[in-house]
Amino acid sequence: MIIREMQKGPHVLYSLAGTTLSIGGISIDLAAEQEDAQNIIDICANEKGEIVRGMNRAYAANILIPPAEYTQTATGETDEKGNAVYTLEKKPLDVGRVELVLWKYEKPAAESAEIEEE
């Protein structure tokens, strides 16, 4: 995964396990989110400082998932004109091409204090 810091930290916490990205308490299956065109997922902080998926008060991160790639596989059949017939098979997501863009994110003081007490 390509990590790009747009601003100096602190940043939202994240981890990657296979094709699942966990960021600020949200889990995203990157392979399931891959489309035929680049897919950009916005991760933002709301008014309370909570991390949410989609546009909100302030960016915490953007996830840029590259477009799907396909291979052509011959079926062994021909069409009515005698041309070989192929099927398209989607290649697995190359997580190394996914880009995570990080923006400065700080938890509000009240939320930080609640977490420390637990």
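A: Quick ground rule before we dig in: a salt bridge here is a side-chain nitrogen of Lys or Arg within 4 Å of a carboxyl oxygen of Asp or Glu. Keep in mind that this is a predicted model. Searching the whole structure with that rule turns up 4 salt bridges. The general idea is simple: side chains of opposite charge can pair when their charged atoms come close.

Let's start with E33 and R53, whose side chains meet at 3.1 Å, N to O. E33 belongs to helix α1 (residues 30-33) and R53 to strand β6 (residues 51-53), so this pair ties together parts that are 20 residues apart in sequence. R53 counts as partly exposed because its relative accessibility is 43%.

Next up is R97 with E69, where the closest N and O atoms are 3.4 Å apart. This one runs from loop to loop: R97 lies between β9 and β10, while E69 lies between β7 and β8, so parts 28 residues apart in sequence get tied together. Both partners are partly exposed, R97 with a relative accessible area of 36% and E69 at 38% relative accessibility.

Then there's K104 with E106, a salt bridge at 3.7 Å, N to O. E106 comes in at 51%, and exposed means over 50%, so E106 is exposed.

Technical notes:
Residues numbered from 1 in each chain as written. Predicted model: local features only at pLDDT ≥ 70, side-chain atom pairs only at ≥ 80, totals over all residues. Heavy atoms only, no water. Helix = DSSP H or I, 4+ residues; strand = E, 2+ residues; numbered from the N terminus. Buried < 20%, exposed > 50% of the residue type's maximum accessible area, 1.4 Å probe, protein only.
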